[in-house]
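Please read its points alongside the sequence and the 3D view.

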Amino acid sequence: MDLYLSNEALSGLRQALDPGAAAPSVEQRTALAWQLRQRDERAALRLADEIEPQLLALPPGRRAARLRARLQLLRAEVELNRGQLAAAAAQLDAAEQGFIQQGDLLGQGDVCWARCSLGIDGGQPALFDASLNQAEQLYREAGEPLRQQMVLARREMWNAFRQPEATERRLLQSFPLDQDYPALVAAWVQAAYACVAEVLDDKPAALRHFMASYQASMDSGQIRQAAISMSNAAEAYGRLGDLSASLVWCERSLQEARATGWPCIVGLSLARSGTALRRLARHGDARQHLREALQQLQRLPGSRNYKICLSQLAANELESGHPADALAPLEQLAMLARRPLEADLLGEALRGQADAFIQLGRFDEGASQARAALELAREHGMTDAQVQALRLLARLPATHQAGLAGEAGSPALHHLGEAVRIAHAQASAGYVCGADLLFDYARALADSGEFRQAYDYLQSANETQRQAMSAQAQRRAEAMQDRFELERAQAEAEAHRSTAQNLREANAGLETLAVIGRELTAQLDGDAILCSLHRHVGELLDATVFLVLLLEADGRALHLAFGREAGTALPARAIALDDGDSLAAQCAREHREILACADEASLALGVVPGTLVPRSMVYMPLLAGERLLGVMSVQSPRPDAYGERELAIVRALGAYGAIALGNAHTLEALQYAHEELTRQEKLASLGALVAGVAHELNTPIGNAVLVASSLSAEIEALRERMQDGRLRKSDLEQFCLRAGQGDQLLLRNLDKASHLIRGFKQLAVDRASEMRRSFALLELCEEVLLSLSNQVRQAGHELKIDVPDDLVLDSYPGPLGQVLSNLLLNAMTHAFEERTGGQMCIQACRVGQDSLRLSFSDNGRGIAPENIDRVFDPFFTTRLGQGGSGLGLHLSYNIVDSVLGGRISVSSPAGMGACFEIVLPLSAPAHG
């Protein structure tokens, strides 16, 4: 999981969690909470509270354990920023154990990164160093280069106060300034460069780098570091001599710090503000800010910021003439600076105490503290601290200088001379001897009668003061220029952010329109499409009146298919396409959008009666390619309600609506064509059935008629012989013989006709109905063959049936008979290419306990490989325009799949005809 995300990346993460997006995963929600821990800690904690019960519901494993540890680390950082160091330490330990158990090196490294801040706030430099080293090792093992760069830059930031020159060289080698770095890294790189510049007294550079660190920190969500960098920038303005700018930035820093509510950040900003006010000699205001800062930082008594605040408060009291009030903070500072030893702060405390005691006339105590400060400065090689301690010793009265001077003569002159020598000795290292020291030394020389030397040092002091004033003026000018450039850069950055925000909003709008487009074009019902259009238009812009007028079939008029005014349906009406007063008709005729914005009177024309008189109207043609479907109109009673953004939305929705309506109309036309072709197929099947019935019944009935007519002639001849008296016994015997034969022939033919009629009747009932019943498959196949036998014989082909007589189905014989008929007719139409002698075969066998396999094969020309995957598609035929509709096999597929509960497939090996295989359950599924 990323340690910090850029604002842009965070925006993308938020969009993924929008209500309209897919259900977010627990990982996504945890990632969002983690990235909000400094940007919005309340939202982060709220998310964490929602996520933790979900983690308990997950199966035990590394996934849930890692996420749980990450939430513990989130809570640890929140406690840390709130100044609850003990609670933060406990949470960090718990998170670390969770990451260790799961072998998560990145998580362990992130714990160490947070523990560095714990070491800073708790005044434990050893903890800071150890944690930073451990974090670097873990990030290296995890193969995380960006985090390694952050560690390196953070280490150099602290090294700047120890070895500024060496640190600067390493920074230039590791992080060249002419390269761009990700914001999360740049925040620390710029801070390190700023600290180096500050220690090396390059105040303009320090200011620039602090501001760059602030911006990068804000962009990457490192709000704590951003607040520190802004506070340091305010201090840099003060050191440049631009006190007004310093105060402005202090106020900005304090305002942003209070928004976080973090004691360490609020206290630091208050301390910086107090320092700026002290420089302006507003000691009362400075005292108030510094005391409030101490209250904020009292949870962090070991932090360096707390100690610096004590030092600043004491300095303010000394400068304002209240030395007694300075003693308490100085004593506390001295105590804190000894555990652990911070020589610079301890030296400030000792010198402050010496100054306070001297002002109070407690010279012995002042001398003791000044001497202790001098010894400490010499021990640690602090040049300026030695100079300041010696100047304090020089302020002591001669009566209290006993034992302090190293040689005969004025003790003050001795101490000031030593201070000057130390300053000059360190000039090569960049130390500048101050004009105040030179003035004091010149006065001491004059008091001792060394006038010539006094004059020389006075001249040197004046020159040093002039150079200092010139340098100060130069620094102020640079500060003003830097402030101008920074403000301009911030304005440009703000403009870029505004542009980026506009682009993000535009992208979000496009994504919304894309979602709407997919929803609209997925619908195939015209009424549903119009309702969706109305709903979405109302969500995106002011659509008090929404109209969709569709073109009549004759193309002469538009009719109101959908109309709403403030949610109320509008009455139907028609508008002639040649209506010269109608904007809708004009839009339809000219195939172009119309935007109308005018007063009430001029817009009264063309408005649907009974509606509001709109002051803003958009008419958009609904075009499917070049074909006009109708017109969509959005109207508002507000003037100038629609700008370019609104027009773009209406264009997009109009285009999507036209596509959806075009699809709906096309589907309607296809359904009509499908129904018509199906009806024609049924009529053709009925014609074939009638022809087969007529042919099959013709022979037995014709024979019966012939026998009946022959018997009638015999009876008439017998009657004549009886009347003439010519009837003989032999004639009677012959008549009885022929009558008996005729009777048998007549009964046989009539029985055959009766059997045929029963079969045709059953077949007709089955095809006209999907009535379910039990039937023998062999009988059904024979009935189908009987109905089509005339066509088979006339075409010169042969159909064989190889079906067991005991194969009984509980299914729908009518639809199954339709399938077999379609397969047989399809083979006769396509398989034999007008040749005779074709062989077709229906075979069936049981498959398992509950199914059967029914196959229909022929020895025709087969199916081309490019067509084999399309034979079941609707309207696909190789005989288009030659009597083939392309519906027979499509209907067969639907019947087998939807009615009979089976599946049908086709194969056509080269040169071996085609074979359709149907697998059916012996008991068809029930249909409600």
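**Notes on cysteines, a histidine and the cores**

1. A search of the whole structure finds zero disulfides, a disulfide being a pair of cysteine sulfur atoms within 2.5 Å. This is a predicted model, in which local features need pLDDT of at least 70 and side-chain atom pairs count only at pLDDT 80 or more, while totals for chains, interfaces and linings use all residues. Residues are numbered from 1 along each chain as its sequence is written, and side-chain values use heavy atoms, with hydrogens and water left out.

2. The cysteine sulfur closest to that of Cys-915 belongs to Cys-841; at 9.2 Å it is too far for a bond. Cys-915 counts as partly exposed because its relative accessibility is 23%. Buried means under 20% relative accessible area, exposed over 50%, and partly exposed in between (1.4 Å probe, protein chains only).

3. His-209 is part of helix H11, residues 203-219 (helices are DSSP runs of H or I, at least four residues, numbered from the N terminus). With 13% relative accessibility, His-209 counts as buried. Beyond residues up to four places away in sequence, His-209 touches Leu-177, Gln-190, Tyr-193 and Ala-194 (contact means heavy atoms within 4.5 Å).

4. The largest nonpolar core has 126 residues, and those touching the most other members include Trp-113 and Met-150. Such a core is a set of buried Ala, Val, Leu, Ile, Met, Phe, Trp, Tyr and Cys residues joined through side-chain atoms within 4.5 Å. Helix H10 (residues 183-199) gives the most to this core, namely 11 residues.

Methods: Helix = DSSP H or I, 4+ residues; strand = E, 2+ residues; numbered from the N terminus.
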